[in-house]
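Welcome, and thanks for taking a look at this one with us. Please open the sequence and the structure side by side before reading on.

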Amino acid sequence: MLERGEVANSWRRERWDSLRLLTPNWQCRLPGHRYDGPDPDGYLTMGEVTEFIERFAKVSGAPVQAGANVTSVRRTDGGYHLTTSRGEIACRAVVIASGACNQPAVPRLRDGLPSSVEQLTPFDYRNPAQLPRGGVLVVGASATGVQLAAELQRSGRPVTLSVGEHVRLPRTYRGRDVLWWMDASGVWDQRYDEVEDLTRARRLPSPQLVGTPERATLDLNALTSMGVQLVGRWAAVRDSRALFSGGLRNVFSLADLKMERLLDTFDEWAREHAPDAEVGPPERFAPTRPPGSARLQLDLRSGEIATIVWATGFRPDYRWLDVPVLDAKGHLDHEGGVLGSPGLYALGLPVLRRRKSTFIHGVEDDARAVIDHLGGYLAGRR
Ligand SMILES: Cc1cc2nc3c(=O)[nH]c(=O)nc-3n(C[C@H](O)[C@H](O)[C@H](O)COP(=O)(O)OP(=O)(O)OC[C@H]3O[C@@H](n4cnc5c(N)ncnc54)[C@H](O)[C@@H]3O)c2cc1C
C-alpha cells in the first residue's frame, strides 16, 4: 500500500480548519472498525477523522508504506511496473485508490481576472483570517461553497455566492439525520447498474450539508437570512466584470423539486418500514427564496470584491498513470471499478458500484466486489 504522504493524508493536508464531516459519527465505519465514542449523532473534526483512519490502519494491519509517491504506472508482460519515490516495483495487479478529489476543479474564468482580486481554492483556504478585509465572491453552492460562504459572512466580510445547479437537503428530516434516511431507505445502496443516468449521477455535486453540533440546516434560505447575497451561475468575464446567468428562480425550483421527490421517497419507505414511534411526522420545507433582484454583474475592479473563492468542485489527478484507461474528460473509464487493462482496478470514485461509493462508509461493499474480481483474475493467471 503506497501513500505519498502520511495515512489520512487528504484529511490532514487538504481541508480547512473548521471542517467537520457531513456524515454523522454513527456512519463512520470501515471494515471491522467503527466510531464508538460518546456522540454518535455528532460530526468528526478533521483531527478526529485523521485519528479514526490512523487507528483503522493499525488495527487492520495495513502494510502502508508512507512517503512513497507513485510517479509512473506502466503495463508490462507480467503485469505492471511502478516507479515511486522509494524505488521501483513490479506487480501483477494494481488497485488505484488515489482519491477522487486530488485537486480543485477551477473554471477557465480564473484567467484574466484583475490582479487586485485575490483568488483561493478550498485547498489554499484554512480560515477567514487569511483573507484580506473586504467582499468575497464564493463561486459554487455545494457543500464546500455553502460552508465557506457562511464562515466568511460570519467573519464580517460581505459574501456574494454564485449559485449553479445544486443539491438541497435539510440536515434533519422527521427527527432523524437526513443521511440516516439515505441509508435506511436504501437510496445510498442503489447500485450503479440500477441508476437511470449513471454519467449524471457520477457528476452530481455534493449536497448542501454541514456537520455542526447544532445539526443546523445550511441551505440557501439559511445563507440569505445571514445576509449572503445570491447571484446566478458565473457565465463569463467582460471588461473585468463578472457576468452571472439569470434564471435563478428556475435553478431554485429545480433543487426544491428534487428535494421534495427525495423526501417523498423517504415517506414512502417510512409508511412500510418505520413505525411512527421511530420517526416524526412528514415535514415540508419553505421553497428557496429568490433575491428581490439578483445582480447580473459585478465589477471586479471596483474594490467591492477583494477575494474570489473557487468552490467549484474537485477532480482526480492521474498524471502518474501511463496506461490508456482515461476517458476524454480525464476520468477513469471503468465498469464498477474494473478497468479495461487486465489486473487494474479502482476504488473510491463517485457511484463506483453504489450511490454511497465515495463516502467513508461506502467503500466496504465496493472493496469486497473489486477484490473478488481481482482474486479471480489472479487465480485465473495461476
Ligand atoms: C471537502 C471534502 C469533504 C468531505 N466530507 C466527507 C464526509 O463528510 N464524509 C465522507 O464519508 N466523505 C467525505 N468526503 C469524501 C472523502 O474524500 C472520501 O470519503 C474519502 O476520503 C475517500 O478516501 P480515499 O482513500 O478514496 O481518497 P483520499 O482520502 O483522497 O485518499 C487518497 C490517498 O492517495 C494518496 N495518493 C494520491 N496520489 C498518489 C500517488 N500518485 N502516489 C501515492 N499516493 C497517492 C493521497 O495522498 C491520499 O492520501 C469529503 C471530501 C472532500 C473533498
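Here is a short briefing, grouped by topic.

Please keep in mind that this is a predicted model.

- Strand S19 (residues 305–310) runs parallel to S11, and five bridges join the two.
- Within that pairing, Gly-135 has Ile-305 of S19 as its bridge partner.
- S11 is also joined to S12 by four bridges, again in a parallel arrangement.
- Here Leu-137 stands opposite Thr-160 in S12.

**Nonpolar cores**

- The largest nonpolar core has 39 residues, and the members that touch the most others are Val-138, Leu-161, Leu-220 and Leu-223.
- What does Leu-161 touch, not counting residues up to four places away in sequence? Its contacts include Val-138, Leu-220 and Leu-223, along with Gly-140, Ala-141, Gly-145 and Ala-149.
- Leu-161 also touches Val-228, Gln-229, Leu-230 and Val-231.
- A second, separate core has 24 residues, among them Val-70, Val-323, Tyr-345 and Val-370.

**Aromatic rings**

- The structure holds 12 aromatic pairs.
- In one of them, the ring centres of Tyr-173 and Phe-266 are 6.3 Å apart with the planes at 45°, so this pair is tilted.
- Which parts of the chain does this pair link? Tyr-173 belongs to strand S13 (residues 172–173) and Phe-266 to helix H7 (residues 248–273), so to speak distant parts of the chain, 93 residues apart.- Tyr-173 is buried at a relative accessible area of 0%, and Phe-266 counts as buried at 0% relative accessibility.
- Tyr-318 and Trp-320 form an edge-to-face pair, with 6.1 Å centre to centre and 65° between the planes.
- Both Tyr-318 and Trp-320 are buried.
- Ring pairs also build a cluster from Tyr-173, Trp-180, Trp-181, Phe-266, Trp-269 and Phe-285.

**Charges over rings**

- One member of that cluster, Trp-180, has the charged end of Arg-176 over its ring, 4.2 Å from the centre.
- Elsewhere, Arg-15 lies over the face of Trp-11, at 4.3 Å from the ring centre.

**An open three-stranded sheet**

- Three strands form an open sheet in the order S5-S6-S7, with antiparallel pairing.
- Why is one side of S5 and of S7 left without a neighbour in the sheet? Strand S5 (70–75) and strand S7 (87–91) stand at the edges and each has a single partner strand, so one side of each has no neighbour there.
- On average, neighbouring strands of this sheet are turned by 15° against each other, direction ignored.
- S5 and strand S6 (residues 80–84) run antiparallel and are joined by five bridges.
- Across these two strands, Val-73 stands opposite Leu-82 in S6.

**Leu-44**

- Leu-44 sits in the loop between strand S3 (33–34) and H2.
- Is Leu-44 buried or exposed? With a relative accessible area of 4%, Leu-44 is buried, as the cut-off for that label is under 20%.
- Beyond its neighbours within four places in sequence, Leu-44 is in contact with Leu-19, Arg-20, Leu-21, Asn-25, Cys-28, Tyr-35, Val-49 and Phe-52.
- Leu-44 and Lys-258 are 214 residues apart along the chain, and their C-alpha atoms are separated by 28 Å.

**Thr-144**

- Thr-144 lies in helix H3 and is buried, with a relative accessible area of 11%.
- Leaving aside neighbours within four places in sequence, the contacts of Thr-144 are Trp-16, Pro-122, Ala-311 and Phe-314.

Methods:
Residues are numbered from 1 along each chain as its sequence is written. This is a predicted model: local features need pLDDT of at least 70, side-chain atom pairs count only at pLDDT 80 or more; totals for chains, interfaces and linings use all residues. Side-chain values use heavy atoms; hydrogens and water are left out. Two strands pair if DSSP finds at least two bridges between them. Axes are lines fitted to C-alpha atoms, for helices over the stretch in contact, and angles run from 0 to 180 degrees between N-to-C directions. Rings of Phe, Tyr and Trp (its six-membered ring) pair if their centres lie within 6.5 Å; planes under 30 degrees apart count as stacked, over 60 as edge-to-face and the rest as tilted. Buried means under 20% relative accessible area, exposed over 50%, partly exposed in between (1.4 Å probe, protein chains only). A charge sits over a ring if NZ of Lys or CZ of Arg is within 6 Å of the ring centre and within 35 degrees of the ring normal. A nonpolar core is a set of buried Ala, Val, Leu, Ile, Met, Phe, Trp, Tyr and Cys residues joined through side-chain atoms within 4.5 Å. Contact means heavy atoms within 4.5 Å.
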